[in-house]
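Open the model in your viewer and keep the selection panel at hand. The stops below say what to select and what is there.

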Amino acid sequence: MKGAALIIGVIFLLAGCVEQTEVGKEVASKAIENPFFSFLPTRVVDELYLVKYDNTSIEDDLAYLACIPRALSVDKGELYAAPLLFYGGESDNPYLNAKDGITYFLKDWYSYSPSTKVVSINLNESDIEELNGMGFKSFERINGNATRVAEQLAKNRSKAVLVSYPGETKKAEINGKEALSIEGGRIEKIAFNGSKAPEILPTYHNFTVPEGYKFVDAYMSWGGFKGKDPDMQLYDWSLGQVAASENWNVLDGAFEEAASYVYNPGEWGIGVTYMPTESLDANTAGAIANLEAEYLINVTLYPGKDFTLFDSDTLCTSITIDAGDFKGGIVVRDENGAVLAKEVPYREPIKLDSSGEGKLQLSAISLDGRPAKLDVSYSAEKVYMDAEGIEELSNKAIFAAMNDAALLYSPAPGKRFIGFEEIKANSTDVVFSTAKPYTLIENDTRVIEGGYFFAPAAYAAAFHGVPLTIVENNLSAESNWHSISWLRTMDSRTPPSVGDMVICGRSVYSFLQNTGRDAEGKERILTIAGDLELGPTWDRGFIGKGIPGRIFGTPVDASCWFARDAFYPSLVFQNPGMNGSYYINGSTSERRDGVLTISDPGGEIFAKYPVLQTWVSYAYKFNERASEYWGLNYTTTSGITPYWDESNESIDEDISRSGLYYPDMDPSEVVPEYMESMGYSSVFSTNLRATAENLNRGVLLWTEIMHGGNRGYGTVGFWSLNNDERNPWRAYEYMGSTEEPDTMAMSNFSGMDANRGSDGIVIAIWEQTPATQGVDGMMLDRYLDNLHSAGFLGGSCLIAHTYLQLALIRHGSSFQIIDPWLTSWYTSLGFELIARGLAEGKTIAEAYDEAISEVGISYLSDGWWWDIYENVVYYGDPGLRVYSPAHPWEMPRIDKRP
């Protein structure tokens, strides 16, 4: 939700009522023959590989690689697979304390395969005692450095691939000075007048940027009246949308501003759209004429000049650029032209965490039109990491797994060494990772922890049957932009630059095309890397061409998380919800003559294949009521107007209205319909205690929309126990009930639910404090037990890449679809479309891709859109298929290796 900062409150407990009710309905099922996303039909073997995690050495990572050809092996067209995980991760720092994730995984694995043999790599006696305590009794213990571990693993293997340790990281300093000058020129000013009634279709105003101009600023105002709220987009027509401004007038005022480096001179344009977020007042609401905005756009073009500071043959870090007393503006760009930093006007030296391989470019901009001279000094540290060696080593481990060979770090007698050949991709999947060590922020300082992601990423690539691509070796500039963009904005959570996302995304796909991996259709792209090494903008940027998925956390988290996804077809059967259990269902209420009456107290119900739904701050009959309050209906990127437009898909029949129509933005009513069409049972709860208890009892999915924030440990706003009705099945506004939740409408000046009436939104920004109570990630962590591979669909702002998300991952969530940035109200439709896609038999990532493409920007297919606050990201393997009674499979049996 827009502006979703939360005030954290005290949470009290609620005791549930007891009532037995069976929910769910019969469906025509279509069995899934191969539920694994591996490249070959998969047989699960009764083995488990655990490598002791060491955050001070690369030896554990190399030992992990040596395990890959044992954990994964090919025989007669089938993949024999066992989980391979780092073991450890205990720490007083909650962000590093990954042990819970391992523990919950092992409990589920033991429940599935109690006769498993544990192959322990450098585990100590206390580790073995812990495993004994979980029930594991059979062990093969191997200790030593990576060379010794590889030799022991290679016993009884007749052939091997010989590899070398990667080279050590080396550093070198760069220092330089440049005397630069710019000629200046006329400051060009262009003005556009126009009027805009509420309408999503853009009104365009085009202009030309002459040669020699390097910066453009566009400012739109409409007379200072905050009750009107058009939005503005900036286009470089040879590139596409490069910037967008979507201020909320209540918070920011009656203006929009978008500025950009001039990527290309020539034809540019301004787009004006208008999806209002307030009406004028209760009396004039819905009168489109009163909402019409008379706007003025002032465009200013500034002259400047481009320079190359230096051209590096490797990644650089700790960069400082000092332009002295220069009074103009400075823009710093990478090899591809993506903006790394800008100061317009320039005030102090620019500090960059890193820049990728290639040219570091500086653009000096005259803000007064005068010529200027500037003395620029710079310093940087070149970092020579053996990214090429790490990629080759990882791919040799994959190659060995595919060729029934061992991996050895030194020659051994009795082995036939086979030559490494380029891995022939066995699928259209792509797997990326990084050679950088894992880092985190401690006391506002970036600290190198010392673990690596390339080893679990290599295991994942082998499971997918494709080579591993190390970004520093192939996409240094592109990956670097995503890294520093996230570092710069991770606190403010400013949405990413549209133009730079396009530049980087196209460059990555150019690489995939040049290496033969841009196949017909959309590639599934898995990235395993920390967010500080490769920010989440990387994943969001692929929408339009690929179907991305991200696994992150610590390297321990990443290894455990991928294993849970890879073996989800087996582990999901350990979820109690698969056989049915009792859950706390929310109460039902109504108002008669202003008096709240609880018509159904809710309580304990029996549910099989349960989906838990938590609707607290959500859209409600948005388009059905939009024309009466907002002045127009919401329309998607493809031109669909929910509720009003006819659908040609039978699954949409009678969803929001009688007949065959696309569903309205009404998730509390639409999502259950789609879920139940798959044979799922819907369970509803809104307060923390009931929701956490339901999660601990075992659900297949948890979907929620409530206000969220990223401060501290991450926060979400559950229904407050201070309300008269303590656990309604869905939240509601003042003088409302579950029967009619939308009883208050937002004021045009305050954003508060100040007017009586319906605005299609339940619980506005400022009403969250009395209506909800904030729950942070640490509190949620304490309430949760084993989630047994439950997926999470979260419509809360800002909660991705917080401890709250880590808590879900470590308690056993197999995937999450959540937003690192602010989320607009229209995410409600996206979550409905995800449920619809699952009902149609799509994988979870395919359903996500379809949904985000309807409500947000598709950067790589010229899918420009006004709403820059639709950036939810899919976290998990993009190949994962969610179990449902409509698309079931039998629990895979345990096999022995041939």
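Start with helix α2: its buried residues are Lys99, Gly101, Ile102, Thr103, Tyr104, Phe105, Leu106, Asp108, Trp109 and Tyr112. Here buried means under 20% relative accessible area, exposed means over 50%, and partly exposed lies in between, with a 1.4 Å probe and protein chains only. Helices (H or I, at least four residues) and strands (E, at least two) are DSSP runs, numbered from the N terminus. This is a predicted model, in which local features need pLDDT of at least 70 and side-chain atom pairs count only at pLDDT 80 or more, while totals for chains, interfaces and linings use all residues. Residues are numbered from 1 along each chain as its sequence is written, and side-chain values use heavy atoms, with hydrogens and water left out.

Stay on α2. Because 10 of its 14 residues are buried, α2 is largely enclosed by the rest of the structure. The expected span of a helix is 1.5 Å times one less than its number of residues. For the 14 residues of α2 that gives 20 Å, which agrees with the 20 Å between its end C-alpha atoms.

Next, select serine 113, in the loop between α2 (99-112) and β7 (117-121). With 1% relative accessibility, serine 113 counts as buried. Not counting residues up to four places away in sequence, serine 113 touches Asp46 and Ile894; contact means heavy atoms within 4.5 Å.

Move on to asparagine 122, in the loop between β7 and α3 (125-134). Asparagine 122 is not a glycine, yet it has a positive phi of about 65°. Most residues other than glycine have a negative phi, and most peptide bonds are trans. Asparagine 122 counts as partly exposed, at 29% relative accessibility.

For a peptide bond, go to valine 344 and proline 345, which are joined by a cis bond with omega about 5°. Proline 345 sits in the loop between β21 (339-343) and β22 (350-355).

Select helix α7 (residues 387-402) next. Its 16 residues should span 22 Å at 1.5 Å a residue, and its end C-alpha atoms are 23 Å apart, which agrees. Of the 16 residues in α7, 14 are buried, so the helix is mostly covered. Lysine 396 lies in α7 and is buried, with a relative accessible area of 13%. Its contacts, leaving aside neighbours within four places in sequence, are Val161, Leu162, Val163, Leu407 and Phe420. Just after α7, aspartate 404 takes a positive phi of about 50°.

Now look at leucine 65. Beyond four places in sequence, leucine 65 is in contact with Leu393, Ser394, Ala397, Leu407, Tyr409, Phe454, Ala455 and Ala458.

Helix α8 (residues 454-464) is the next selection. Because 11 of its 11 residues are buried, α8 is largely enclosed by the rest of the structure. Among the buried residues of α8 are Phe454, Pro456, Tyr459, Phe463 and His464. Just after α8, glycine 465 takes a positive phi of about 80°.

From tyrosine 459, step to alanine 563: their C-alpha atoms are 9.4 Å apart, although 104 residues separate the two along the chain. Alanine 563 is in helix α13 (residues 555-566) and counts as buried, at 0% relative accessibility.

Finish with a pair of helices. Helix α16 (residues 667-677) and helix α21 (residues 827-839) pack at about 10°, with their axes 8 Å apart. That makes α16 roughly parallel to α21, a label for angles under 35 degrees. Axes are lines fitted to C-alpha atoms, for helices over the stretch in contact, and angles run from 0 to 180 degrees between N-to-C directions. On the α16 side, Pro667, Val670, Val671, Tyr674, Met675 and Ser677 meet Ser828, Phe831, Glu832, Ala835, Arg836 and Ala839 in α21.

Notes: Angles under 35 degrees count as roughly parallel, over 145 as roughly antiparallel, 65 to 115 as roughly perpendicular and the rest as oblique.
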